[in-house]
Amino acid sequence: MSTPSASLPSPVSWREWLLTSEPQSRRQARLGRYYRGWLAFSRNPSAMFGLAIVLMLVLCAVFAPWIAPYDPERTLGLQTARLLPPSAQNWLGTDIQGFDVFSRLINGSRFTLMAIFIVAIITTPIGLLIGTFSGYYGGIVDAVFMRITDVFLAFPRLVLAMALVGARGPGLENAIFAISVTAWPAYARIARAETLTIRNNDYIAAIRLQGASSLRIIFGHIIPLCLSSVIVRVTLDMAGIIIVVAGLGFLGIGAQPPTPEWGTMVSAAKDQMRDYPWIITSAGLAICVVSLGFNLLGDGLRDVLDPKSARN
Amino acid sequence: MTDTPRPLLEVENMNVCFRMQSGDVEAVRNMSFTLGRERLGIVGESGSGKSQTGRAILGLTPPPGTMTADRLVFDGIDLLRASRRKLRDIRGKRIAMVMQDPKYSLNPIMTIGAQIVEAYQAHNRAGAKESRDHALAMLEAVRIHDPQRVYDLYPHEVSGGMGQRAMIAMMLVTNPDLLIADEPTSALDVTVQAEVLRILDELVSERGMGLIFISHDLPLVSSFCNRVLVMYAGKVLEEVDACNLDNAKHPYTRGLYRCLPSLKCDVKPLPVLQRDPQWAA
Amino acid sequence: MSDSSSYTTAGMRWLAFRRLVTAIVKTAAVAVITLFGLTVFTFSIARYVPTDPVLAVVGDKASQATYDRVYKEMGLDKPMYVQFATYASRLATGDFGKSRFTQNQVFDDLKRVFPATFELATIGTLIGVLLGIPLGVLAAVRRGTWVDQLSRVIGLIGYSVPIFWLGLMGLLIFYAYLDWLPGPGRLDIAYQYTFESETGLVLFDAARTGQWDVFFDACRHILLPAALLGYFSMAYISRMTRSFMLNELSQEYITTARVKGLSEARIIWRHALRNAFVPLITVVALSYGSLLEGSVLTEMVFAWPGLGQYLTSSLMNTDMDAALGATLLVGIVFLFINLLSDVLYRVYDPRTR
């Protein structure tokens, strides 16, 4: 119990150690739970497919300069290399500026990943904190926060984001900011609902009787329990965020050309789509594949982390 | 009540099995019994398979469960080989079932009257007026004093006892030959349990129905039924005459009986039910 | 019917009716608060704009004196809450300001463009409801079969494919390559100047006045964008229907219905689906709202002269009064739909009456 080695009766099988029904330490129990979750997750082929897509996106984004054969923002020749069809040199052809489409797609993964990463980093903690605090304390705090989330949830996210971007001017940073502003209320709602069910449990009362402070209860017990359902929601939301980022780019108020953001690429190529359909097709497919990946991953995570809502 | 020459229901070697990811669960195993126009009680703890027995007879084993049997004959009709249409005709018309909690077993967005009328019209060609009269008469038969009013109420607007009486009315409006009552009073307040049971008792006697009474309450079953099947882990451990329960042979039955508190003699501490893994084998 | 019984029933119903009214009043109060929040939102955006609102009126070359005068006239020297009160009371009278781009009152502009969006989103929702609910029901009833898989794939595509891209691909295939459908726009150019739509709802007006050639042309134009919006609506509605139906089908009252010997069709459509309708009302409302959102992008793809296109072009021209007016209108419509669904669902479900 005191040392990890003591809890390893036979180092023969990690699997057995992880799956034991009588864990010797908290750490073993926790690792065992993760392992069981992973086993359930990995048995789900579509979830694994989603995970593979997301991993590929991450790899593309990290190694973009090495994967992409050309500079995504330097023309291969305005006279000679515009709107070339796919070939051995340019796998997905070139666009109207003579940029290599494949290189732009690969580099575009960076913007997509950055957008969802920043949105998730900003909104998840805000949503969690506001949701758990208003759920735990209730009363006037709760009423005020929930009315605010009502305002945000009552209106279409894209339109709110458009208005915000309109105020701050077009650009990817402003688009990300606008999406963050519109994304947190949903997480706050989920965290609050979870908190309300957890709050009245006997074990929370027991901790309180032991003299734990409210902050300790919230951070030590409630937030960890809310985390899984919020994570599931955030993952599923990633797909929506990708689509909104692309939509803002398409409308011309997101990332600005020549940034190789996928929605912006679709927008720039739509006038030539009849004769040069490869640009718009490949950029669009990239958006589809990545958001499909997040959807599948989110579904799979929900089955493992949030079986209650998965049944529906 | 004596057995009619042709038994109402014959069950031979019935099994209900649920295929789960974690392995098969055998809810009912090798169940056999014969029933005339009499009252048969099935007792057991929760999870002993008593409710699944009732559902299996009606062919309503919920998926992923499956029911198999060597013989399942109702009034000369082989239920195992009957077409789905035939089975549907038997359900409701000739075999009915009262379920545990009227809060869940009644459709929340249909009025009580409409639900009874629906049951009647499913098996009788009848106009709106005639069906309504039948439903009202039936509501009166379950001692609802104000059938006109209750007819138009929604399930959430009535109490549990009233809801269960409406449920009984709905199940008996077609005058079935066999009624399965699956814990009909367990979800009700103690004060109305007796009343609902009395109504059930009268109607079953009046109409000469066969009754399968499923419950976890051994004394209640023994006072209500002619014979009792004691189930444990999906198997019938013992079949006893209700009047002979005190002389039950099986240790489980005796155990069930003994751990009930009694007003006459004060046993302290109250014995805990001892289970032998061999019984489940 | 005895007097006493009818009296008590009436009494109960009256109480229930009062509860219903209270609930609706409460919902309306929340809606008013939400509307207030939205107004605060647009007001702060208007204040937040990097462009100087005074310069926008007087121009770069105005003298300092003119600038100060206009600054005062616009009330910018007053405290924030006074400015907000002025803003809100102007909105209440339908004064959304003037569009710098079209030189019209924003209110008149909105009145002109809104019907086009309304027509598109409504037909889209109709398609979504009429196809999505049966698909969802079948997917739930035949769980695990090919119908279920199909509904899952339709749902996944609906959640993963950007609507603007699918629209472009649709145009590429059905207009550019196959030439089965007309290109962008609401009507052919030939009709655009000869046909006067009174209500702004082209299909409705054309049918009303019996101009069937216009009607069919409008049908051909709306087919692709409406089908597109309908697809996304169907994807959402069918997934939700499936999950609600699975929930209802596992309820005890379904077993009761089976015990009664009812047909499967009756059990599914009369018992389970009618109960599933309760949460579905909210879902259809949400879906209608998200189609308003989807129509912003769809209108850009199909050059549909509606609210979304107006909003986007206003933003591109930093025409803030117009953009915020359009945002506000979307918000109000959204709010109205939510309110409507709340009332509908309370009236439909006897437990909330």
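The predictor assigns the complex an ipTM of 0.87 and a pTM of 0.86. Both values come from the predictor and apply to the complex.

Start with chain B. Eleven helices and eleven strands make up the secondary structure of chain B. The radius of gyration of chain B is 19 Å, and the globule rule gives 19 Å for 281 residues, so chain B is as compact as a globular protein of that length. Of the 281 residues in chain B, 44% are buried. If we take the contacts in chain B between residues at least 6 apart in sequence, 67% of them join residues at least 24 apart.

Chain C has another make-up: 14 helices and zero strands. The C-alpha atoms of chain C fill a box of roughly 85 × 65 × 40 Å along the principal axes. Chain C has 353 residues, and 41% of them are buried. Among its contacts between residues at least 6 apart in sequence, 72% join residues at least 24 apart.

Among the elements of chain C, the highest mean pLDDT, 94, belongs to helix 5 (residues 106–141), and the lowest, 73, to helix 2 (residues 53–58). Over residues 1–7 of chain C, pLDDT stays under 50, and the model has five contacts beyond four places in sequence for this stretch. Where pLDDT is low, the predicted coordinates should not be read in detail.

Next comes the contact between chains B and C. Chain B gives 27 residues to this contact and chain C gives 22 residues. On the side of chain B that touches chain C, at least two residues come from each of helix 2 (84–93), strand 7 (95–98), helix 3 (102–105), helix 4 (112–123) and helix 6 (147–151) of chain B. Helix 2 of chain B supplies the largest share of that side, five residues. By type, the residues of the side of chain B that touches chain C are twelve nonpolar, six polar and nine charged.

Some details of the backbone remain. Most residues other than glycine have a negative phi, and most peptide bonds are trans. Which peptide bond in chain A is cis? The bond joining A:Pro257 and A:Pro258 is cis, with omega about 10°. A:Pro258 sits in the loop between helix 10 (214–251) and helix 11 (262–269) of chain A. In chain B, the peptide bond from B:Pro63 to B:Pro64 is also cis, and its omega is near 10°. The loop that holds B:Pro64 runs between helix 1 (50–57) and strand 4 (65–68) of chain B.

Two residues of chain B have a positive phi without being glycine. B:Asp75 has a phi of about 50° and lies in the loop between strand 5 (71–74) and strand 6 (77–78) of chain B. With 17 other C-beta atoms within 10 Å, B:Asp75 is partly exposed. B:Glu183 has a phi near 50° and is found in the loop between strand 8 (178–182) and helix 8 (190–207) of chain B. Is B:Glu183 buried or exposed? B:Glu183 counts as buried, because it has 20 C-beta neighbours inside 10 Å.

Note on methods
Residues are numbered from 1 along each chain as its sequence is written. Chains are lettered from A and ligands numbered from 1 in the order in which they are written. This is a predicted model: local features need pLDDT of at least 70, side-chain atom pairs count only at pLDDT 80 or more; totals for chains, interfaces and linings use all residues. Two residues are in contact if their C-beta atoms, placed from the backbone, lie within 7 Å. Helices (H or I, at least four residues) and strands (E, at least two) are DSSP runs, numbered from the N terminus. Ala, Val, Leu, Ile, Met, Phe, Trp, Tyr, Cys and Pro count as nonpolar, Asp, Glu, Lys and Arg as charged, and the others, Gly among them, as polar. A residue is buried if 20 or more other C-beta atoms lie within 10 Å of its own, exposed if 12 or fewer, and partly exposed in between; C-beta atoms are placed from the backbone. pLDDT is the predictor's confidence in each residue, from 0 to 100. The radius of gyration is taken over C-alpha atoms; the globule rule is 2.2 Å times the number of residues to the power 0.38.
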